[in-house]
Amino acid sequence: MEVNVFVGRQPILDREGQIFGYELLYRNSEENRFPAVNPESATLQVLMNSFLSIGIDNVAESYKSFINFSGELLIEDIFSRLSPARVIIEILEDVEITSILIHRMKEIKQHGYQFALDDFIMQDQYAQHTELFALIDYVKVDFLAVNEAERKNIEVFIKKYPHIRMVAEKIETEAQFMEAKASGYDLFQGYFFAKPEIIKGVDIPSTLSSHSYILHKLSEEDADIDEVVELIVHDMSITYKLLRFINTMHFGVPKKVGSVKQAVILIGFEHLKKWMRILLVHHIGEHSSSGQVKALVSFSLTRARMCELIAKRIGKENSDEYFFVGMFSLMDVIMNKSWDDILPLIPFSESIANTLKGEETEMTTVLQLAIATEKLDWSQIRKYRAQLEISEKELSEFSRMSIRWAQQLDESYVEA
């Protein structure tokens, strides 16, 4: 019933044999090979799976991540909220070096990012744009693809720039390792040390129409924040990834939120639009979702609205937090993980987190009443209705409204 996502990682070691970082690789299954996919899509899915679905701490632990970028993606502002301390931007070997690209790299460099050149060979364009190397921090040389004479030329050239660290990749034998060390390489990668490892996680299904419609609304002049928020909360996957985005990306502000609106305000419309574009492109290439998971997501939406309506009825001013509790109350089942694993990934307020963990809070009774109503557990319904002083008629109306609410967005997409 799980919707699995995958990331490959291969360690990069220092001269002492300690892990320096990981190169993150696109994978779409547990089969350890690179599938046929364009480089932009591969990078976007690596970013999505690593930072939003699985969690970068689970993928790369505390180490740096080398991630491939094409020229097109370097021009785009898709990593402006990644932590520069965690990500090294690896420029693919076929990227055309232009003055526009170098200007863009200077902008990125000002934010603290580091650059690596992948599969480096001597090219005429490097002689024409020597200013590029002031921006480069790592140069990766493929020991299988480049012969000894070519490597010597590269090594002599790179030594003109003492700040650049050389990475020997595709090291497959001890002899290659010793040769690379003797030639002044600082970092090492290859099958001699470890084959790529597959890291698997669980994603939450969404719909292409929801991504597109939200992006359309965000692009309207004078976009209405309340309307955008309403669209987002209809989609559990987008809501989850929005919270993961805040928790993972580099904002430098407190990251405990109690509502989608607070999250949208925290990010701002411009960054939200960029983030939604990433989600949209990522979703186009995604595999189809499990029907069982889709059903659980639908239940979660209905439960979220139910909790919100009950909270408003009993006079709670923080009804948005009750909505969150309902929406994410099945997350442990959907992701097949414990709450201890899930809660560090998303920036819930303490009261929401405690409720989801099963601790008794002021939200617990409302959540239990919503669950009892779904199950038609009449004894539990009577118990919690009495505690909250809600009539049977009111509860029936809330249930009807919640079910209808969860269906409305799909209908609005069709009409649109």
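Which residue just after α19 takes a positive phi? Glu389 does, with a value of about 60°. The chain is a predicted model, in which local features need pLDDT of at least 70 and side-chain atom pairs count only at pLDDT 80 or more, while totals for chains, interfaces and linings use all residues. Residues are numbered from 1 along each chain as its sequence is written, and side-chain values use heavy atoms, with hydrogens and water left out.

**Overall content**

The chain holds 20 helices and 9 strands. Helices (H or I, at least four residues) and strands (E, at least two) are DSSP runs numbered from the N terminus. Of the 416 residues, 55% are buried; buried means under 20% relative accessible area, exposed means over 50%, and partly exposed lies in between, with a 1.4 Å probe and protein chains only. Contact means heavy atoms within 4.5 Å. Among the contacts in the chain with a separation of 6 or more, 69% are accounted for by residues 24 or more positions apart.

**Helices α18 and α19**

Two packed helices are described by the angle between their axes and the distance between the axes. Helix α18 (residues 364-375) packs against helix α19 (residues 378-388) at an angle of about 145°, with their axes 9 Å apart. Axes are lines fitted to C-alpha atoms, for helices over the stretch in contact, and angles run from 0 to 180 degrees between N-to-C directions. On the α18 side the contact is made by Thr365, Val366, Gln368, Leu369, Ala372 and Thr373, and on the α19 side by Gln380, Ile381, Tyr384, Arg385, Gln387 and Leu388. These residues divide into 6 nonpolar, 5 polar and 1 charged. In this grouping Ala, Val, Leu, Ile, Met, Phe, Trp, Tyr, Cys and Pro count as nonpolar, Asp, Glu, Lys and Arg as charged, and the others, Gly among them, as polar.

Within α19, the buried residues are Ile381, Tyr384, Arg385 and Leu388. They cover an arc of only 105° around the axis, which puts them on the same side of α19; the arc is that of the directions from the helix axis to the C-beta atoms. Arg382 and Ala386 are exposed on the other side of α19.

The loop between α18 and α19 contains Leu376. This residue has a positive phi of about 55° although it is not a glycine, and it counts as exposed at 53% relative accessibility.

Thr364 is placed in α18 and is buried, with a relative accessible area of 12%. A polar atom of the Thr364 side chain lies 3.2 Å from the backbone oxygen of Glu359, and one lies 2.9 Å from the backbone nitrogen of Thr361. Not counting residues up to four places away in sequence, Thr364 touches Thr355 and Glu359.

**Asn318, Ser319 and helix α14**

Asn318 lies in the loop between α13 (291-313) and α14, whereas Ser319 is in α14 (residues 319-328). The Asn318 side chain makes a polar contact with the side chain of Glu321 at 3.0 Å. A polar contact is a pair of N or O atoms within 3.5 Å; within protein, one must be able to donate a hydrogen and the other to accept it, and residues adjacent in sequence count only if both atoms are side-chain atoms. Beyond four places in sequence, Asn318 touches Glu362 and Met363, while Ser319 is in contact with Glu308, Ala311 and Lys312. Asn318 and Glu308 are 10 residues apart in sequence and 8.9 Å apart in space, C-alpha to C-alpha.

Ser29 is found in the loop between β2 (19-27) and α1 (39-54). It touches Phe6 and Ile198, not counting residues up to four places away in sequence. Lys170 is in the loop between β7 (165-169) and α7 (174-182), and its phi is near 60°, a positive value in a residue other than glycine.

The buried residues of α9 (residues 225-233) are Val228, Val229, Leu231, Ile232 and Val233.

| Residue | Relative accessible area | Class |
|---|---|---|
| Ser319 | 8% | buried |
| Asn318 | 23% | partly exposed |
| Ser29 | 23% | partly exposed |
| Lys170 | 37% | partly exposed |
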